[in-house]
Amino acid sequence: MATPQRDELPVAGLTTGQLARLLGVSPTTLRSWDRRYGFGPASRADGRHRRWSPDDVAMAQEMCRLTATGTPPAEAARTARLRARGADGTGGPGEWPPVPSDRTDGTAPRAGSGLPLGRVRSECRGLARAAVRLDAEEVRELLRRAVAHHGPAVAWEEVMSPALQAVGRKWQSSGEEGEQYVEVEHLLSWHISAALRHYYLDAARPRRAASGLPVLLSCLPGEQHTLPLDVLTAVLGDEGLAVLMLGGSVPADALITAVRRVASLAVVLWAQTSDTADLALARRVAGARWGVRGARTQTPVLLCGPGWHPVTDDAEPSELTHVTSLHDAVRTLTGLRRERPAR
């Protein structure tokens, strides 16, 4: 959320509607904060219309930042006022409080995200609020903290995925309101992917040394949903497995060529829908061999993603392994590493 400079604000201050648009919250939310916590503008223009001064705007911005981390609104209002006066010893507005303790009882206060989250961690609620406000800076910081604190698996399952699913449900809902959440889903997806990739590529982060053959990850032709493979990449990195990520919509011939060129521990094929779950291609990948002539080896193939369910439920192909969850995939791949050490 960009913070306007004081000289950029109107001399007379902002109206409640103007401030609501600036912060990405509803005017009702601002009026509720004023009514419940005394967190409103002190001055009135012409004795009638309330105006938010630069100091009021700074406190409201800090209030948004605090509630986005899961801080209860009453505590956030008190802290925002103290920080505006420099009385809490933390500096000024814009610095982050510690991540609040995890709460999974569903009692964390809402701050106008408008998303059906249910019983989730406070970090998930904060992430949803920041995403709805299209506050990219805050989304990025919340994701960084979640992955660093919980690790990629827990961060995905308990913070990222619930927020993303709630946005998706809102997006798919009928009417104009649902359509307005397309940009929220795109923002959140992009930043989740970036956070997971940064975590995996961070050379300074302590991790188990990668050993054995790499796992080759790929989306099938026409499949653009790479986010689940970004999650798997980050988790496998923590397990000390090397990863070779090919990305989205890999052409069939390029996929087969890569399998034949690289000695890999396994090939993971992601299909989000049945339209991209090409069982014939998966069998071709499973039949591809690598290695020197006379000693060539086939690579195990894992079918991942909801798109495979209608394809494989009736008759599971013997040369393929269908995994149905992140934990199942990680368990299968770490088991293969024990069975197939590097050659």
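Biologist: How do the side chains of R121 and E158 meet?

Modeller: Side chains of opposite charge can pair when their charged atoms come close. Here R121 and E158 form a salt bridge, 2.5 Å from N to O (a side-chain nitrogen of Lys or Arg within 4 Å of a carboxyl oxygen of Asp or Glu). R121 lies in the loop between α4 (73-84) and α5 (122-132) and E158 in helix α7, so the pair ties together parts that are 37 residues apart in sequence. Helices here are DSSP runs (H or I, at least four residues), numbered from the N terminus. This is a predicted model, where local features need pLDDT of at least 70 and side-chain atom pairs count only at pLDDT 80 or more, while totals for chains, interfaces and linings use all residues. Residues are numbered from 1 along each chain, and side-chain values use heavy atoms, leaving out hydrogens and water.

Biologist: Is R121 buried or exposed?

Modeller: R121 is buried, at 12% relative accessible area, whereas E158 is partly exposed at 31%. Buried means under 20%, exposed over 50%, and partly exposed in between, with a 1.4 Å probe and protein chains only.

Biologist: How many salt bridges does the whole structure have?

Modeller: A search finds eight.

Note on methods. Helix = DSSP H or I, 4+ residues; strand = E, 2+ residues; numbered from the N terminus.
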